[in-house]
Amino acid sequence: LHMGKTMKEDLTVVAKYINKLYPPEFNVFSIYAELYHNYFASQAKKIAESPLEDKDIYLLLSWMHNFYPKEMRKDHALAMELDKVKLGSLLPSSLSKELENKYLDSEEATVKNSLSRCLDKEIQRWKEDKEPEKLNGHFQSELLGIFVIQSIYSSQKRAEDISKAVGEELSHRLLRELPAFLRSYRDAFEDFKEKSKKHRYYKPILIANINNCWNFREYTEKYMAEKDNSKVDILSTLTDIENSGFDVLLQQLFAQLKPMFKKFTENKWDSSSEIMNEIIKTTSKHISDFQTLKDPFYHAIVEKIHARLVKEYIVRLLKRKVSLKTPAQQQTLAQHISKNAADLEAFCTSSGSQATWLNSALPKLAEIIRLQDLGAIKIEVATLATTYPDIRKRHLEAFLHIKANLSRSELKSILGYLADSTASTQPRAPLFSNINVS
């Protein structure tokens, strides 16, 4: 600092006053600048070759890349004159590279240790069974959700302050570390999930950990290239953590719903409105517990519930428990299904589900039951297959068991039409492929 200040002040005096006292061919400013620079560079080299602590290496690199070339040599009083002088860098490139590597190794190790300690502290918090903190009504972990990202980001920012190249190299290194850290996090989360089910704050801790994934997702999407393999690893691991948490949060609800759905076929669909109301009431109680999830995850879990409700309803229709011979009976069942579908759609939409692709499944099935004209049934089956390309013959055959007035040749004709109409493309989201037909 003393040398830098002295050099800057002295060269300013030379530029303003002394330079004009000599003939131009004397190159007085150039001589002064070279002498000062050579002394400064020799001192910098001497320091660089001595044992240095990490903070000293950072400071020396900052001088070499920033303070010296930008703040001193680009000073408005000196820039014009210094541009005429070829002073070079403060340090030889080999020594500079050596310092940069030392700095990068040290910073990488520091961040890695910091993340490891952070995860250890977080695991300890889980064991203490305390309610997680809330931010804007959402459970979160300040350590994992915020501190980890801040550690990486601030480290990258410091490196960028040295130079763009050093910043990019450290970013590359740290983004290689992040997948390994997140895998360790996922393993610890799985361990907690299996061993701590009786904890008082088990569910809030699960929710906080799902919410943590959002910060990591945002950071990854913002700072990593699309084709980077680390990005794929990170997003895959985050999806594992999220889905693992969702599965546990939904276990109890789905277990309670299963016997309720069985009532549809046990009662021959006669009291289907009451059963659907019971299903909606039970689901609504559970959904209120999920309000502490961040919005993207809340919508995701509600859509999972929406998909499960539609799927379970279809499962009951495919159970071959009801076989109706008259059009009037089929018309009545179609009305029941349409009413249930409307109630289900209204509930899921009001709860925040954006899975509109599910809404036409039950109405289309109701329409197939209602229709009696063979040609009209085929058209509706084709429409169903276009909307849900994962439907297969086995699904449709089990469903058409309801229409007992179809002849064998009519049934064969409809099933053959499905085979011709079903697209080979995979659906955006599966529905029928998740349903086994016994």
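**Ground rules**

Helices here are DSSP runs of H or I with at least four residues, strands are runs of E with at least two, and both are numbered from the N terminus. I'm working on a predicted model, where local features need pLDDT of at least 70, side-chain atom pairs count only at pLDDT 80 or more, and totals for chains, interfaces and linings use all residues. Residues are numbered from 1 along each chain as its sequence is written, and side-chain values use heavy atoms, with hydrogens and water left out.

**Entry 1: largest pocket**

I looked up pockets on a 1 Å grid over the protein atoms alone; a pocket is an open set of points where a 1.4 Å probe fits, with protein on both sides within 12 Å along at least five of seven lines, and lining residues have an atom within 4 Å of a point. Volume is the space filled by probe spheres set on the points, which are joined across faces, edges and corners.

The largest pocket comes out at about 620 Å³. I get 23 lining residues, with Asn243, Ala300, Glu303, Lys304 and Ala307 nearest the centre. Which helix gives the most to this lining? It's α9, with 8 residues. Both α9 (229-266) and α11 (295-317) supply at least two residues each. Domain 2 (101-243) and domain 3 (268-418) each put in at least three; those bounds come from an automatic or database domain assignment.

For classes I count Ala, Val, Leu, Ile, Met, Phe, Trp, Tyr, Cys and Pro as nonpolar, Asp, Glu, Lys and Arg as charged, and the others, Gly among them, as polar. The lining splits into 11 nonpolar, 4 polar and 8 charged residues.

**Entry 2: second largest pocket**

This one holds about 220 Å³. Its lining includes Leu1, Phe40, Asp56 and Trp63. I see α1 (2-18), α2 (28-48) and α3 (54-72) each supplying at least two residues, and α3 gives the most, with 4. By class the lining has 10 nonpolar, 1 polar and 1 charged residues.

**Entry 3: cysteines**

I took a disulfide as a pair of cysteine sulfur atoms within 2.5 Å, and the count is 0.

For accessibility, buried means under 20% relative accessible area, exposed over 50%, and partly exposed in between (1.4 Å probe, protein chains only). Cys118 is at 2%, so I log it as buried. Cys348 is also buried, at 2%.

**Entry 4: Ser271**

I found Ser271 in the loop between α9 and α10 (272-289). Ser271 has 23% relative accessibility, so it goes down as partly exposed. From Ser271 to Lys227 I get 54 Å, C-alpha to C-alpha, across 44 residues of sequence.
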